Amino acid sequence: MATLELYQVCKHFGASTALTPTSLQVADGEFVVLVGPSGCGKSTLLRMIAGLESPSGGEIRIGGHGVNAQEPSARDIAMVFQNYALYPHMSVRENLSYALKLRKLERAEITRRVDWAVDLLGLQPLLARKPAELSGGQRQRVAMGRAIVREPQLFLFDEPLSNLDARLRNHMRVEIKQLHRRLGTTTVYVTHDQVEAMTLAQRMVVMNHGRIEQVGTPEEVYAQPASTFVAGFLGAPPMNLLAAHISTDGTHVLVDDLAPLPLPAPQPALAGRAVTLGLRPEALLPAVDGRWPLTLNLLEALGGELLLHGSLGRQACVLRVATTASPWREGDTLRVDVASTALHLFDAASGQRLAP
Amino acid sequence: MGGSRAAGERLPGTWFRGRWLPWLLLAPQLLVIAVFFLWPTLRALRDAFYQGDAFGLSEEFVGLRHFAHTLGSAEYGHALLLTLAYALLTSALSLAGGFALAVAVEGLRSGRTLFRTLFLWPYALAPAISAALWVFLFRPQVGLGAGLLEHAGVHWNPALQAGQAQALVLATTVWQLLAYNFLFYGAALQSLPPSLLEAAALDGARGWRRVRDVIWPLLAPTTLFLVVTDLSFVLFDTFGLIDVLTQGGPDHATETLVYKLYEDAFRNFDQGAAAVQSLLLMLLVTGLGVLQLRLQRRRVPA
Ligand SMILES: Nc1ncnc2c1ncn2[C@@H]1O[C@H](COP(=O)(O)OP(=O)(O)O)[C@@H](O)[C@H]1O
Ligand SMILES: [Mg+2]
């Protein structure tokens, strides 16, 4: 196990920049998730850690040692690929033991490690099969087995669950989490799926356009998104982002011509500024004497909860209400209240978080 | 009426209403097949069982006599063994060489396109033309290659030395096949999933181990395909090459099955023997063709 440190690591492909200079520290045994939309540079970053791409600049350290000049196999890491990348001509057992054979481990040690991984992941019935004879979930498990038998300093996962169906994805997600609990190996996990990121991460790194938008625990990032990008990326449905501005005395936020919403604390510095008001769907509560009128366009019943799509003033907005039967119908106008502690303010131009 | 409508408006069925039209369209192809394939095949089948007199005036039915005679003759046995050795050796050499070259070029940091283009040339040449090049290079006393060999102390005269003639045919064939195999292996290498090679890099498979444990097995479908194509090329498409290089000589040293067939038919005017040999060759071609189709159908999923 080891720490991982990135100092000003960047990557250019020809004239295009896949990753702007990026720094990140991962503690020993930590599970860090890189999350962001497709094309934001997550894989590029992970592949540079693995040594499959060489950085255009900056330094990568594993366990305190600079590894920029080291080959992938010398870095003592294991990687699980999105398409699993199992050797199609080898049996499951051969796939698991191949790296160990190359390292010239003793046969008894190889057997011990393979048996251990096989037990841990329940691969016993599959050992003699070829990858083509396995289901997606089984391949995924073999790929994880191939990573853990190496007992590496660092696990790297690149969207390992995106080729699985939703049910299996949930199941494997739990397995990966339990595996990390048991092994405690430092892990960097790449995904574009915010649910995976929120549930797996001890710390998550939200990326966009080749740079880090925010680093923090899932709770921190969810509660205090650093930008409208992060706010809009996390949560399903995502946070409502409404064009608004601050009253001239800095005590209220005004959305269109709706009733002014008091700020939890006065913000004199922001007086009169154009802002983006962020409200989570669950922060808007239907109430008979609510502050704002909401015109309901569409109802979505999700079993335990209800999504209300409507408009606040002239802006679209979603509410999440924990109820099974809807007392409302599409076309109704209901009144909603805002918990004033639950509001987020972002700069209207840059999208950066302003307050609270 | 047809001209008054746009083509896109026509129903598909209205195009082929006539019964004669499909046949008319097929006719050129059918004619070619009939003239160049069916008719000669039928002639060969017939000739294999008949014996004409010296002046071509009369013929008599001789049953399996031609077959017995051909299969029992030492010359045919010799040509058969020679052909097998020739086919196996050239295929093996050019497969190994093509694979090694493709792997080496794929591993280059720069200049890949240049090498690919250069290695393609031999494939682009017709066998007879590459043979002419080699004749030119290895003409005793004057050829560049011949000069080098003389310089190395070899007394070079393929017109008299059986071994040298065989080596020359072998080298020319390998030279041509190598390009073909290189091309196919190169394309197959490029279409391997990159993540597999990356997984191998992470596992620490390098150099020879990487080639032996990962790349070679992954290219097995290509190898199977090339074995069959190479064999059929060597067995059936090297007539022109041998004709230009050695004319089957010296003393039958480079007389393969196809060349012997030609000799018997057009030099010795032994119609019966030639017919039998062409039938046997056709069996071989068909066998290889079936094998190839089989292999292509069950390509290993990557
Ligand atoms: N080998 C490459 N050559 C050129 N551009 C690349 C290469 N790999 C990635 N990129 C570009 O770098 C950017 C980031 O890619 P990637 O790291 O794969 O994104 P992600 O994994 O977040 O979806 C993308 O714009 C992609 O097109
Ligand atoms: Mg990616």
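Which domains does the domain assignment of chain A give? In this predicted model, the assignment divides chain A into domain 1, covering 4-229, and domain 2, covering 230-355.

**Extent of the interface**

The C-alpha centres of domain 1 of chain A and domain 2 of chain A are 38 Å apart. To the contact, domain 1 of chain A contributes 19 residues and domain 2 of chain A contributes 17 residues. Between them an area of about 1500 Å² is buried, with carbon and sulfur atoms giving 60% of it. On the side of domain 1 of chain A, the greatest losses of area to domain 2 of chain A fall on A:Gln194, A:Tyr222 and A:Thr228, which together account for 44% of what that side buries.

| Interaction | Count |
|---|---|
| Polar contacts | 13 residue pairs (both at pLDDT 80 or more) |

**The face of domain 1**

Which elements give two or more residues to the side of domain 1 of chain A that touches domain 2 of chain A? They are the helices α6 (194-200), α7 (218-223) and α8 (228-233), together with the strands β9 (203-208) and β10 (211-216), of chain A. The largest share of this side, three residues, is supplied by α7(A). Sorted by class, the side of domain 1 of chain A that touches domain 2 of chain A holds eleven nonpolar, seven polar and one charged residues.

Definitions and conventions: Residues numbered from 1 in each chain as written. Chains lettered and ligands numbered in written order. Predicted model: local features only at pLDDT ≥ 70, side-chain atom pairs only at ≥ 80, totals over all residues. Heavy atoms only, no water. Domains from an automatic or database assignment. Contact = heavy atoms within 4.5 Å. Buried area = accessible area lost by both parts, 1.4 Å probe. Polar contact = N/O pair within 3.5 Å; in protein donor to acceptor, adjacent residues only side chain to side chain. Helix = DSSP H or I, 4+ residues; strand = E, 2+ residues; numbered from the N terminus. Nonpolar A, V, L, I, M, F, W, Y, C, P; charged D, E, K, R; others polar.
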